[in-house]
Structures are given as structure tokens and as C-alpha cells.
Amino acid sequence: MKENAFEALTVETLPGRLGPVAAIAERIGADSNLWKVREVGDGNLNLVFIVEGEKGTVIVKQALPYVRLVGDSWPLPLKRSFFEYHALSRQAERAPGTVPAIHHFDEAQALIVMEFLSPHIILRRALIEGRRLPKIARDLGLFMAHTLFRGSDLSMKASERKADLALFADNVELCDITESLVFTDPYFEAPMNRHTPGLEALVKELRADRDLKVEAQRMKHQFATRAETLVHGDLHSGSVMVTDTETRVIDPEFAFYGPMAFDVGMLLANYWMSFFSQRGHETAGSREGMRAYLLGVIDETWNTFRNEFARLWHTERKGMLYDAALYEARNDGLASEQALNHVIHDIWTDMLGFAGVEMHRRILGLAHNADFEDIADEAQRASCEAAALKFGRHIIVNRNKIQSLAELDMLAQALDQGKLS
Ligand code: SR1
Ligand code: MG
């Protein structure tokens, strides 16, 4: 057998195999016989272990050569771990303190040893429980502005960005998952799709909706061809860990050079889905306050992103795009403002398109969200999902005509209250 050939870890084999890794021993203690190991991966793709020693705890994340959610009938390359490692490294530089620290990376074993975040929990879980996190909007708005601006030709040296673009261009299979599962499968009867009983008529209507099918494919066209910046690529509420005072972004294995608006759209879509799911979690009391909180989070996230992006435009625009030599240096600051308005406007409209598609795929496709899945009452779940599907359709098809989050707040509230059909 090839030396260091990939072998999936187990709770039993992990101490013996990772005991010799100095970076781990230094952090948690060298006697691997004393390590306590738990496998806690509940995502769709990978193994995740918590390894606790005498001195501390680390996370070991290992890719499997297939999609965990489906099984070995769907092979998936181990190299996604390489892209995750490189994306985490860049995010740590561009948005310091927002991602877990990396202690060790083993490319052949497709494993990353990283900081154990405690007492953080997954943001999606917190929102399902009705917890109002005071910092997520600002932290994630800043995270997106910093990573998306600083990974683009607005900021980077063209030669460095092109080299990075080439490196991430090989993340083909993970992009293919998004291209199929997010942008195409929800809009026809793809074999792995599923939806809640009770939604049949609406699903049929959406799959026959010509405007929707064209606009969804226009969004896919953008996703596949608009290599603007290094995106996280899977920035949903399951990729964020939180406490009341801290927000960390995890799991960037889907990273590639794509459209700026993709991460923003995916994140806001997950807040909108949380909003529409709240009625299904009202068994222990009204979630009216939680709904208002979520709309506030969406508003603050977008405004933080927009304002920070504008600040970076004015202070860090050193790349080859919208060269200051043409604008500020010629005392034409208004030209710079005009160009900024165009860039932000494009991100806004594209964000709405990506958000709508993400909402559809989580209800019609293979990979569903616990926000809805945890609603035991099927009729209630279908009603929440129907409102979200209609909202998603509206923002995809009308994205060029929607001007403000205030109008979307009213639309979301009306749909949630069953006042619009
Ligand atoms: C087969 S993978 C399904 C989904 O899980 C990941 O988190 C991504 O969102 C992907 O689309
Ligand atoms: Mg993930």
C-alpha cells in the first residue's frame, strides 16, 4: 500500500494515528492514551471529532471519499480538505479572528486539526431555539465585506489573484454539487429531490413557472462564470458558530472564485428561512419577537456589509479595478461614488436572486434545513415552507425591481400571516 495512503479515522484509531503529531500533543497533552474522542459530525459530508486531552481540546475534521449524506454511491474527492485549509488561511488574513485557528493540516489524510470552539453552538440551532444573538449581524456583515472585497481585483494584485483563481479552479466537484443541487434540481423532478407532503400543487406550479426557470438559470450562469472573489461558497447558518459575544465562520470547503453576492444571498436566505419557520416552533410560546429580531438581523447585516464595503472602497481600493488614477487622483471623487453605486447595486440585485434560489433548494431539493425539518406537524411545516417558497420566487423574478429591505419585510410578514397567496 502507498505510504500515508488515506484511511478514514475512527474513535478507536484516532489516538494511535494522531498521537505523534506534535501540534496536537502540544495543545492537548502528549499521552494519547488519555485522549477522549467523540465523533460529532452532523453535516452532509465529513467526519468531525472532538479530541480532549489533559491540557486542552481540539477539533479534527476529516473528509471522506464520498458524500456522507448519501453514501459511497456518490464519490467526492478528498481534495476538498485542501481547499478548506487554503480558504480558512485566507479568511484568517482578510478577516482576522473570524475563523477557527488551524493547528495542523495533513493533505494525504484530508484532515485539518483546528481550534475547538466552546461554548459556541451552531447558529442554525440557536435560531431554532429562539435565541437572539446580539452580534451576528455586525460580525457577519463585516466578515463578508472583508473577505469578499479583499479577495477581489478591487484589492489584490492582479497576478496574485489570478494565481489564487487558478488554485481554487480545481474545486470542481464541490462547485458541481452547488450547480446541480442548488440551481437545477429544485426546478424539475430530479431523483434525489424531496418535499413535504401538502406542497404538491405549489411545487408543480413552480416547476412550470417559465420566468422562474429562466431567472434561476441566469443566477446559475452568474455563479459559474463570474469569478469576482474568493467566496466561502456555503455560508448558511449551519456554517456559523456563535455565543452571545462571538461569531465564527466554519466549513469553507465549497470555496472558489465566484460572484460577490453569492455568500450574501445564501446567508440572508437562511435568515429568511428561519423567519418563515418560526411559526412551527411556537409550541412554547409566541415567536413574534424572534421574527422581528430576524428581520432586524437581515437589515443590519446588509447595512453593515454595504457600509464596510464602501469604507474599503475608499480606503483599500489598490487593485486594478476602478483605478483611483481615473477618479480620486483627477479630483473626480463623484466618478468613484458613481462606480461604487453600480457595484453595490449589482451585489444587491444578485444577492436577491441567489437568496431565492437557496430558499427553494432547501425545501425542494436533497439537502433540507433543520429550521423546517424540526417542525413535527407536517401541515404546519408545509404551510411555513409554502410561504418561504413564494417569497423566494418573488425575490428571484423581481430582483431588479425591489428597492429596499423595508418592502421585503412587509412582503415576508404578509406571506407569513397568510395574507398573500
Ligand atoms: C450533498 S451536499 C449537500 C449540501 O451540504 C452542504 O452543506 C452544501 O450546502 C451542499 O449543497
Ligand atoms: Mg458544511
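Two strands are said to pair if DSSP finds at least two bridges between them. Strands of a sheet pair through backbone hydrogen bonds, either parallel or antiparallel. The model described here is predicted. In this model, five strands form an open sheet in the order β1-β2-β3-β7-β6, and their pairing is antiparallel.

**The sheet**

- The edge strands of the sheet are β1 (36-39) and β6 (102-106), each of which pairs on one side only.
- From one strand to the next, the twist averages 20 degrees.
- Strand β6 pairs with strand β7 (residues 111-115) in the antiparallel sense, over four bridges.
- Within this region, I102 stands opposite M114 in β7.
- Helix α3 lies across β3 (57-62), β6 and β7, and α3 runs at about 150 degrees to β6.

**Packing of two helices**

- Two packed helices are described by the angle between their axes and the distance between the axes.
- Helix α3 (residues 80-94) packs against helix α6 (residues 158-168) at an angle of about 150 degrees, and their axes are 11 Å apart.
- Because angles over 145 degrees count as roughly antiparallel, α3 is roughly antiparallel to α6.
- On the α3 side, the contact is made by F82, F83, H86, A87, R90 and R94; on the α6 side, by D164, L167 and F168.
- The residues of this contact between α3 and α6 comprise five nonpolar, one polar and three charged.

**Aromatic rings**

- The structure holds 18 aromatic pairs.
- In one of them, the rings of F149 and F309 have their centres 5.3 Å apart and their planes at 80 degrees, so the pair is edge-to-face.
- This pair links distant parts of the chain: F149 belongs to helix α5 (residues 136-150) and F309 to helix α11 (residues 288-315), 160 residues apart.
- F149 is buried, with a relative accessible area of 0%, and F309 is buried with a relative accessible area of 0%.
- The rings of F275 and F276 have their centres 5.1 Å apart and their planes at 90 degrees, and therefore this pair is edge-to-face.
- F275 is buried, with a relative accessible area of 1%, and F276 is buried with a relative accessible area of 1%.
- One aromatic cluster is formed by F149, W302, F305, F309 and W348.

Notes: Residues are numbered from 1 along each chain as its sequence is written. Chains are lettered from A and ligands numbered from 1 in the order in which they are written. This is a predicted model: local features need pLDDT of at least 70, side-chain atom pairs count only at pLDDT 80 or more; totals for chains, interfaces and linings use all residues. Side-chain values use heavy atoms; hydrogens and water are left out. Axes are lines fitted to C-alpha atoms, for helices over the stretch in contact, and angles run from 0 to 180 degrees between N-to-C directions. Helices (H or I, at least four residues) and strands (E, at least two) are DSSP runs, numbered from the N terminus. Angles under 35 degrees count as roughly parallel, over 145 as roughly antiparallel, 65 to 115 as roughly perpendicular and the rest as oblique. Contact means heavy atoms within 4.5 Å. Ala, Val, Leu, Ile, Met, Phe, Trp, Tyr, Cys and Pro count as nonpolar, Asp, Glu, Lys and Arg as charged, and the others, Gly among them, as polar. Rings of Phe, Tyr and Trp (its six-membered ring) pair if their centres lie within 6.5 Å; planes under 30 degrees apart count as stacked, over 60 as edge-to-face and the rest as tilted. Buried means under 20% relative accessible area, exposed over 50%, partly exposed in between (1.4 Å probe, protein chains only).
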